[in-house]
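Please look at how the two parts of this protein meet, and keep the sequence and the 3D view side by side while reading the briefing below.

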Amino acid sequence: MERYYDWFDAGRFGMFIHWGLYSMGARYTWLKSHEKMTDAEYDRYVRHFNPDRFNPEVWAALAKRAGMRYVVFTAKHHEGYCMFDSKYTDYKYKERDLLRGVVDAFRAEGLKIGVYYSLPDWHHPDYLHDKRHPQRDIPYEGNTEGYRTYLHNQVREILTNYGRIDLMWFDGSYPDTAHIWDMPRLSAMARELQPGILISRLPGYDDFATPEQTIPQQGLFNEDGTPKHWEGCQVLHGEWGYIRDKHWKTVPELVQMLVRHTSRGGNLLLNVGPTSRGCLDDHTVSLLKGLGDWMDWHERAIHNCSGAPAEFPEPEGCRYTWNPEKKTLYCHFFCWPERRIDLPNLAGKVDYAQFLHDGSEIRFTETLPGNIHGPRDPEDGALRLALPVSSPENCAMPVAELFLKD
Ligand code: GLC
């Protein structure tokens, strides 16, 4: 069934933003649960939350430049604090509707809008004390009907008050809590209010899979073998929210991460965690800029691309992406192969090859299938690229662009 996947599949790259009170604790996103904090203890964050440097226009510009095509913003995380103006609660930032700021800024840059909404709520008095709840040591069955009404009301607000919402990212349904949300009604409401919306993480009612902090080696497939729509959500360090003391991934690692998604037909939803003052820290900005530098020259190896046809197996140390419309194959060099590399099964099929970052020709030789070849020739049926001895400078990851013959 055709289901509005076009922008999602073509875009391939989005920004995930985890922002809430946990950015103040700055140690882990789940701190209220991990430290079994009471509402009274957590309240110090409510009282001192002051996003005086909130600047979503800068986030949106960085996302745009990094080649991202959509955003997913946490309107409410498990802590229950609302980053949007809900009339159903006082537990929200009251000075400004932060979600609106984000929606306006990213929409102005032409990005699609996704909203993350946590199904569990560690603050709402009607929410049961499940085994992840901060107050799990005090048994409480909750008032399912009361919480469900609150949740549906809030989702209706989000899907009514902010114009077009392209994607709704529900999170936190577990087998022991799945009965609470009334998922059939929730998904029906979302699809009625926003025809064409994509939904994630509503088991049985969602439109794509969301592997988290892992990258499926071979992509994901339905039972009938057709490829699944998927989006891996990944982090810049080990956590979602802002963390003060952390170990960062590098720009080349992030570029590889993006390619590992696209080359298996998936999207990368790359998370950032703004500080409690509402800005991105310098290191995050420098990583996004680094990604942007690469995407600036290489975006056509990502957007509108997917994995290569099975007849073209990837050579060692490389990943392929493939634009089916343009019949163009992109070979991403994860490790530099030295002066030559043989690409299996491509002999006789390539019209022209070049590096993408500078448009310089890559010369090649080939051994057509079944032809006798000497020890210095390419493997049977392979196309051999002649490469510089060391990898091109100033390029987080070099890419060969191969135009296939019609
Ligand atoms: C996990 C985490 C949640 C986070 C989400 C993002 O489900 O538990 O805190 O928001 O991943 O994908």
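How many salt bridges does the rule find across the interface of domain 1 and domain 2? The rule finds 1 salt bridge there, where a salt bridge is a side-chain nitrogen of Lys or Arg within 4 Å of a carboxyl oxygen of Asp or Glu. This is a predicted model, in which local features need pLDDT of at least 70 and side-chain atom pairs count only at pLDDT 80 or more, while totals for chains, interfaces and linings use all residues. Residues are numbered from 1 along each chain as its sequence is written, and side-chain values use heavy atoms, with hydrogens and water left out.

**The two domains**
- Domain 1 covers 2-301 and domain 2 covers 318-404, with bounds that come from an automatic or database domain assignment.
- The C-alpha centres of domain 1 and domain 2 are 38 Å apart.

- Of the area that domain 1 buries against domain 2, 37% is supplied by His298, Arg300 and Ala301, more than by any other three residues.
- In contact, meaning heavy atoms within 4.5 Å, are 15 residues of domain 1 and 14 residues of domain 2.

**The charged pair**
- The side chains of Arg300 and Glu401 form a salt bridge, at 2.7 Å from N to O.

Technical notes:
Buried area = accessible area lost by both parts, 1.4 Å probe.
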